[in-house]
Amino acid sequence: MNAEAAERLAMENALRRAVEHQEFYLHYQPQFDLKLGGMIGAEVLLRWHSQEWGTVPPSRFVPILEDLGLISNVGEWLLRQACDSYLSLRDQLSPDFVIAVNLSGRQFKGGMLATNLRHLLSETGMPARNLELEITETMLMEDTELATLTLRELSQMGINLAIDDFGTGYSSLSYLKQFPLNVLKIDSSFIRDVTHDQEDAAIVDAILAMSASLNLTVVAEGVETAEQLAYLQQRHCHRAQGYYLGRPVDKVGFTELVKQQIRA
């Protein structure tokens with residue numbers, strides 16, 4: 001326990017330095033249109049390489065950033081970087097291309113998220129329709145009143161709203177009607193065995209059918225095989241991401257993906 005506490009303290013101090021010196025960087029997970037086949041979007045992923053621990057997974061350092069109250073600062077930086085990345089390639093991307101960013105629950109608290117985003121879009125010139133914000137079910141449940149007000153403001157601005165890891169939380173389906181959502185992301189845990197597990201297949205089919213009725217776009221996460229891709233295409237899933245389609249890449253790699261698509 002003492003060793004764990006010492007390591008935690010050391011990582012907290014390292015993360016404070018990382019925030020101060022902007023040691024974080026981004027990777028881009030391409031998303032593909034399953035009907036037309038081209039790259040239609042990218043999810044922005046936060047990365048951190050520490051001199052002491054090497055590359056640290058987000059599942060380890062993001063909760064600490066949240067506990068320290070630093071995630072809002074990092075989140076604002078990430079949003080700005082994501083907008084800049086899109087704008088630098090805008091002329092080479094399709095008009096419907098979306099850049100997707102995960103939000104932290106702390107960014108909702110205080111009620112300033114919509115105001116901050118409005119300022120960011122104004123400063124950068126980022127088109128709201130090309131920005132997609134991903135929210136988890138748990139975040140929506142923490143303060144449904146604030147979440148509803150904030151999401152409505154964001155929706156009125158023209159920003160796309162996605163619920164991430166759908167099916168793994170505990171929210172009521174009635175919230176799909178309450179919140180102004182545009183996109184559902186099917187969690188990779190359901191995609192992993194979808195071709196040989198009847199229960200996972202039933203869940204995926206139900207999500208796709210429900211989303212069609214609610215006019216929601218569906219993104220499948222964690223596509224790793226040709227069989228999974230074919231299954232989703234046969235059932236008219238809209239978008240997908242995963243190692244089979246494209247691994248997360250840095251800014252240089254992402255730019256090259258865009259150029260490859262233009263040549264294709």
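## Surface and charge

In this predicted model, the accessible surface of the protein is about 13,200 Å². Carbon and sulfur atoms account for 48% of that surface.

The protein has 22 positive and 35 negative charges. The mean position of the positive charges and that of the negative charges are 5 Å apart.

## Overall fold

The protein contains 12 helices and nine strands. Its radius of gyration is 19 Å, close to the 18 Å that the globule rule gives for 264 residues, so the protein is as compact as a globular protein of that length. Along its principal axes, the C-alpha trace spans about 50 × 45 × 40 Å.

Of the 264 residues, 48% count as buried. Among the contacts between residues at least 6 apart in sequence, 68% join residues at least 24 apart.

## The nonpolar core

The largest nonpolar core has 78 residues. Phe 24, Leu 117, Leu 133, Leu 154 and Ile 159 have the most contacts inside this core. Helix H3, residues 71–89, supplies the largest share of the core, nine residues.

Phe 24 shows how one of these core residues is surrounded. Leaving out residues up to four places away in sequence, Phe 24 touches Leu 15, Ala 18, Val 19, Leu 46, Arg 47, Trp 48, Phe 61, Leu 65, Val 74 and Trp 77.

The relative accessible area of Val 74 is 5%; the cut-off for buried is under 20%, so Val 74 is buried. Apart from neighbours within four places in sequence, Val 74 is in contact with Val 19, Phe 24, Leu 46 and Leu 65. Val 74 and Ile 135 are 61 residues apart along the chain, and their C-alpha atoms are separated by 16 Å.

Ser 211 is placed in helix H10, residues 198–214. With 0% relative accessibility, Ser 211 counts as buried. Not counting residues up to four places away in sequence, Ser 211 touches Leu 184, Leu 216 and Val 218. The C-alpha atoms of Ser 211 and Asn 182 are separated by 9.6 Å, and these two residues are 29 residues apart along the chain.

Glu 23 has a relative accessible area of 32% and is partly exposed. Leaving aside neighbours within four places in sequence, Glu 23 is in contact with Arg 17, Ala 18 and Trp 48. Gln 22 counts as exposed, at 54% relative accessibility.

## Positive phi angles

Most residues other than glycine have a negative phi. Gln 22 is not a glycine, yet its phi is positive, about 50°.

His 236 also has a positive phi, near 60°, and is a residue other than glycine. His 236 lies in the loop between helix H11 (226–234) and strand E9 (239–240). At 64% relative accessibility, His 236 is over the 50% cut-off, so this residue counts as exposed.

How values were computed
Residues are numbered from 1 along each chain as its sequence is written. This is a predicted model: local features need pLDDT of at least 70, side-chain atom pairs count only at pLDDT 80 or more; totals for chains, interfaces and linings use all residues. Side-chain values use heavy atoms; hydrogens and water are left out. Helices (H or I, at least four residues) and strands (E, at least two) are DSSP runs, numbered from the N terminus. The radius of gyration is taken over C-alpha atoms; the globule rule is 2.2 Å times the number of residues to the power 0.38. Buried means under 20% relative accessible area, exposed over 50%, partly exposed in between (1.4 Å probe, protein chains only). Contact means heavy atoms within 4.5 Å. Accessible areas come from the Shrake-Rupley method with a 1.4 Å probe; for residues, only the protein chains shown count as cover. Lys and Arg count as positive and Asp and Glu as negative; His and the chain ends are not counted. The place of a charge is taken as NZ of Lys, CZ of Arg, CG of Asp or CD of Glu. A nonpolar core is a set of buried Ala, Val, Leu, Ile, Met, Phe, Trp, Tyr and Cys residues joined through side-chain atoms within 4.5 Å.
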